[in-house]
Structures are given as structure tokens and as C-alpha cells.
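The following note sets out several points for a colleague who has the coordinates open. Please read each point beside the displayed model.

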Amino acid sequence: MSLIEGFKIFKKGIENWFSVALNMFLLKREVNCKLKNIGSVKLKKGKNYLNSSLFRALVFASSKDLSMDHYNLLKSSLPQIDDEIITVINFEDKNEFNFINKEVSVIFESFLFGFYDCVPYSSGESLIDIGGNVGDTAIYFANRGYDVVAFEPLPHIYEIAMKNISLNPSVNEKIVFVNKA
């Protein structure tokens, strides 16, 4: 994403974008950031929120035209903006899942925005996840009754996936995660 595209999303997703930019980047002060349709979050002094994948995902999501149900679920992530581990509420069944606060946008894609709603669910079947990333899709499908075998070749992403799976004991026995291509 180019700097100009990022700025357009920033401007479209934050109501008080000028005040946020001025206080965060120039004056280095704490600022109350008003995310459109989601709510406000206090951005602490001296922290670079553009490096926070949760903050970027919330700004991006608030720039979209989503349903009020989606916005209400996104609001639950606001108090977690500075935490290392976040709780994501599944849109369909209201289950809670815990994730390390990295690559949050893909977690929202799986659990909130319904990217996999078109897959027919059948308990007890097996599913292979090629490119398992941080474990979000493996956890998503294991929650629906699938036995999942996931492959992730990058060791540092694989480690995050293993931590995410361990944070969700209700599904971790249904997942085999392999660190190979």
C-alpha cells in the first residue's frame, strides 16, 4: 500500500484525522482518536500506532461500509488496542477467541467479515489449510467441527500460529499445524 492510499484510508476512517495526525506525529502528544462508526480510543503519547496491526485494522474497517452488527463487534476491540493478546468475538456464533495482536486484519477477515461463510460446514470432516499464516483459519474451521491440518513455511509466523492455537484450548486438539511448505 502506498503512502497516499494509506493516508486516504486514515482520512476516511478517522473523524478527527487532522488532530490525530498533528498530535501524534508533530506534537507527540496523547490524543483521542474518533474512529467512524466504531468509537473513540485514546492514543498514548510516544507510541507509534501505525505499527499496531490492530489500530490499522480498526482504521481500515471503520473506513468501510459495514453493517451495524459488524461495527458493534469491532467496538469490542477498542479497549484492547494496547494489549498484546486480543479477544475476537465470532460474528456467527458469538464465541470468543484469543489471538496475539499481530496480523489482526486477517483474523477479522476470518471471524468477523465472513470470508469463509460460503464453505459448507460438516462436523467431523477434514480440511487442509495451505498457508496457515497465524492460525486464524485453522481455529475458525476447527471451531466448526473440522479436523484441520495446516501448513505454514515461515518459522516466525508458525510460532505465532502455535501461540494462537494454544490460547484457544477448545479447538487446539482438532488442529495439526506443520512448519513446512
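1. Rings of Phe, Tyr and Trp, the last taken by its six-membered ring, form a pair if their centres lie within 6.5 Å; planes over 60 degrees apart count as edge-to-face. The model under review is a predicted one. Across the whole structure, seven aromatic pairs are found. For Trp17 and Phe18 the ring centres are 6.0 Å apart and the planes stand at 90°, so this pair is edge-to-face.

2. The two partners of that pair may also be described by their accessibility. Trp17 has a relative accessibility of 24% and therefore counts as partly exposed. Phe18, at 55%, counts as exposed, because the cut-off for that class is over 50%.

3. Elsewhere, ring pairs join Tyr116, Tyr140, Phe141 and Tyr146 into a cluster.

4. Two packed helices are described by the angle between their axes and the distance between the axes. Helix 5 (residues 104-111) packs with helix 6 (residues 136-143) at an angle of about 25°, and the axes are 9 Å apart. Helix 5 is therefore roughly parallel to helix 6, since angles under 35 degrees fall in that class. The crossing of these two helices is right-handed.

5. Helix 3 (residues 53-62) is mostly covered, with eight of its 10 residues buried. The buried residues are Ser53, Leu54, Phe55, Ala57, Leu58, Val59, Ala61 and Ser62.

6. Gly124 is placed in the loop between helix 5 and strand 5 (126-130). Apart from neighbours within four places in sequence, Gly124 is in contact with Gly145 and Asp147. Lys174 is 50 residues from Gly124 in sequence, while the C-alpha to C-alpha distance of the two is 9.7 Å.

7. Two backbone positions deserve a comment. Lys28, although not a glycine, has a positive phi of about 55°; Lys28 is found in the loop between helix 2 (17-26) and strand 1 (31-35). Asn133, likewise not a glycine, has a positive phi of about 50° and lies in the loop between strand 5 and helix 6. With a relative accessibility of 23%, Asn133 counts as partly exposed.

How values were computed: Residues numbered from 1 in each chain as written. Predicted model: local features only at pLDDT ≥ 70, side-chain atom pairs only at ≥ 80, totals over all residues. Heavy atoms only, no water. Axes fitted to C-alpha atoms, helices over the stretch in contact; angles between N-to-C directions. Helix = DSSP H or I, 4+ residues; strand = E, 2+ residues; numbered from the N terminus. Parallel < 35°, antiparallel > 145°, perpendicular 65-115°, else oblique. Left-handed = near helix turned anticlockwise from the far one by under 90°. Buried < 20%, exposed > 50% of the residue type's maximum accessible area, 1.4 Å probe, protein only. Contact = heavy atoms within 4.5 Å. Phe/Tyr/Trp six-rings, centres within 6.5 Å; stacked < 30°, edge-to-face > 60°.
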